[in-house]
Amino acid sequence: MRDVVRSGVLASLREHIEKVENRPLLLRGGERLGMRPGGREFVPWRDAPAGLLHEVWAATGCDAGAGLGFALGLARGLISPGRPVVLWLQGSHQGAETGILYGAGIASFGLDADRVVIGRMKSIGDLLWCAEEALGCTGVAAVIADIAAYPKALDFTASRRLALRAKSAGVSMLIIRYGPSIPASAAFMRWLVAPAPSGARVFDDKASGAPRFAVTLDRSGGGLKGNWLLEWTNDGFGEIDSPESGARKAASGALVPVLGDRLSRTA
Amino acid sequence: MVLYEMEKSAMRLMALNRAALSAGLGEGQTLADARALCPPLLARPMDRARLMAAFEELADWLSWASPLVAVHRAMTPMSDIVFDVTGVAHLWGGEQALLDALTTRLAGLGLEARGSIAPTIGAAWALSHYGEDGIITSPRKGEVDSPVSGRILAGRVGVDTQTTPTPTLPLTRGGGVAEALACLPVMALRLDEATGDGLDRMGLKRIGQLYGRDRRALQARFGEGLLLRLDQALGTRNERIVPRLPEPERMAERRFGEPIALLDDVMATVADLSIRLTAGLEAGREGAQTFHLFLYRVDHKVMHLAVNAASATRDGKHVTRLFANRLERFEGEFDTGFGIDMVRLGATSVSRLEAAQLGVFEGANARLGLDRLYDRVTSRLGAEALTRSKFADTHIPERAVMLEPVVASTDAVPGAAPDPALPRPLRLLPVPEEIAVIAEVPEGPPARMEWRRVSHRFRRASGPERIGVEWWRPGEGSLTRDYYIAEDEEGRRFWLFREGLYGEAPAKPRWFLHGLFA
């Protein structure tokens, strides 16, 4: 009898802590973190729900392409008919450094260029304001902010503000950042992204194949961590066993239909 | 006081105030003569551009009386202001009251003003310049007075009544326009000196003497100008006013007994006015896309702000928010002078907007939500802040995609979407950066490059994709580009091109980096 009471108290305490730590967002259908309904493994780059603040770190400006590719890949899964637009924000002075999002490139990456709105802001203050406004908008699927250097305005308080806003609106915010040192932030998931050598293209050994990303989940609100080697195809991310084989992991579930599932579910 | 200007190496008087006129000076006199005639003369060089700007500002400010105001430049560059007061007079309690309000207000500024109201611009001009009625001379105020005397010409011009001259009587006289003008001198028809002299020599001194004359003879003698002016004055030929400020189709305004100066007060007024304005739009089942805010300052200046909505709207709160965003940006330079005594909110681009049924899930309308977002952001950060890609029919990468503001309502046919089979980078550098490249074979893909002082050795490369020059464009370089996708040992992928071919004009082709792939 006493054990039953004790376990009940413990459970409610745990629930309370989870609430404080934002974890309920990762719970679906009563399943604990790490599990999906039907016993499928919870994979953060595939199953992360909307309404989280992500940070995507690339080591240098050279890796800007990989960082953006990964963020767009995450954001694409959040697009639905009710939320058709992804907003990409950049400081206007930053274009010369890391390049401007290129519409034709979005199309060849497998996204609809019409669905990506490009925002170029004069200052970091404007950018954060715009991001916050966009998070409150009913038509936005995700906001991607591309932020070079370490602006003072983007401190812990600012990121906490964005995280709360994202959570209350149910819209994900992805911040792409560059640099070796990582300041404290309120991001729910922090990804370290680097490009990985691609496999060969069929019929052409010398050409590079589909883009690959070496992804590390460095920190997450759910306490989840991990490394993955991902390959992007027009259907979404797929996990690769080893750089040499190039074969997709069978164990990670049916990954090609994942995106199709989501779109059809929301349609 | 006089203003003088250099004319044919002599300084001549160009503008005089009443005191100078009564001292016996006249326009066109040389400054030296004038000084001799009147030693205590105060003379200043004339700064036409500045005077013109000031006069236009005054004209803008006068739009508190009627929103359609124009500077009339047919005769003098700056002394005539035309109003379209159709349907305005009753707000002032009659035309005489409107005229009085205008002239007394101007008199308060120390400006001499006369005006008259007539069905046509020509007639009103004639009456205000040559008529005896409605002359208002203002007593001088203080020492300082302006040599630019304002002549108010209030033309009651029916812009849409082109064919039939309005049969209403001009205010100042009984009878029709023709009768009112009949005994005025011919110069009242806005004629040039030569024509006036010619008519004078023919004994045609009054406008009335021109009625019923053989038009062909008049045209043969004096050209088209005379008949044009006569017809315009009588209203058989249409003359239009081109208003200086945007002409609001719907508007709401508020006047203050005591001028306001605080930004918060202005915002509160805007909130109130936008509710009134949008209520009016709703009653007419209309929506508007552009909203104009006019702040009339006590020191006769107008501040004009406009915000655009992505789609027609009549949501008062939304409009208020757009103006709040816009006004916030002003904060430092928000200069109300001595205060604002009138605020007017106008709407243009009014179109029909049927009531939409809002369901329980009001937030579910993605399109509306996005439009609101675009409006809010662009009203604060400018139209260029949010853009979307628009494809153009060209192969040159930097020109193939244009960034079009999301709020732009261009109906231009978009170019075809690019071929997804052609690989294009996710990020494009606005200006291709020159790199040092080592290629194994002259025409082959690069083996190594140095970009931003970092060396990259390439593992894989594919290409070339040759993009030719658009030779039909002027100022275009003449070198074709060969694009390669090169992947370095870490897996970064770059979009490089070689400008020119080996064996062409530059001995060694240059290489550039143009984009980054995922």
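I started at A:Arg165, which is partly exposed at 31% relative accessibility (partly exposed lies between buried, under 20% relative accessible area, and exposed, over 50%; 1.4 Å probe, protein chains only). The model is predicted: local features need pLDDT of at least 70, side-chain atom pairs count only at pLDDT 80 or more, and totals for chains, interfaces and linings use all residues. Residues are numbered from 1 along each chain as its sequence is written, chains are lettered from A and ligands numbered from 1 in the order in which they are written, and side-chain values use heavy atoms, with hydrogens and water left out.

Next I looked up the partner of A:Arg165. A:Arg165 makes a salt bridge with A:Glu132, closest N and O atoms 3.9 Å apart (a side-chain nitrogen of Lys or Arg within 4 Å of a carboxyl oxygen of Asp or Glu). A:Arg165 sits in helix 7 and A:Glu132 in helix 6, so the pair ties together parts 33 residues apart in sequence (helices are DSSP runs of H or I, at least four residues; strands are runs of E, at least two; both are numbered from the N terminus). A:Glu132 is buried, at 15%.

I then turned to chain B. B:Asp341 and B:Arg105 form a salt bridge at 3.1 Å, N to O. This pair links strand 11 to helix 4, 236 residues apart. B:Asp341 is buried at 16%; B:Arg105 is partly exposed at 31%.

B:Arg481 bridges to B:Glu398 at 2.9 Å. Here strand 17 is linked to helix 13, 83 residues apart. I noted B:Arg481 as buried at 14% and B:Glu398 as partly exposed at 32%.

Last, I checked for networks. Salt bridges link A:Asp63, B:Asp488, B:Glu490 and B:Arg492 in one. My search of the whole structure gave 36 salt bridges over all chains.
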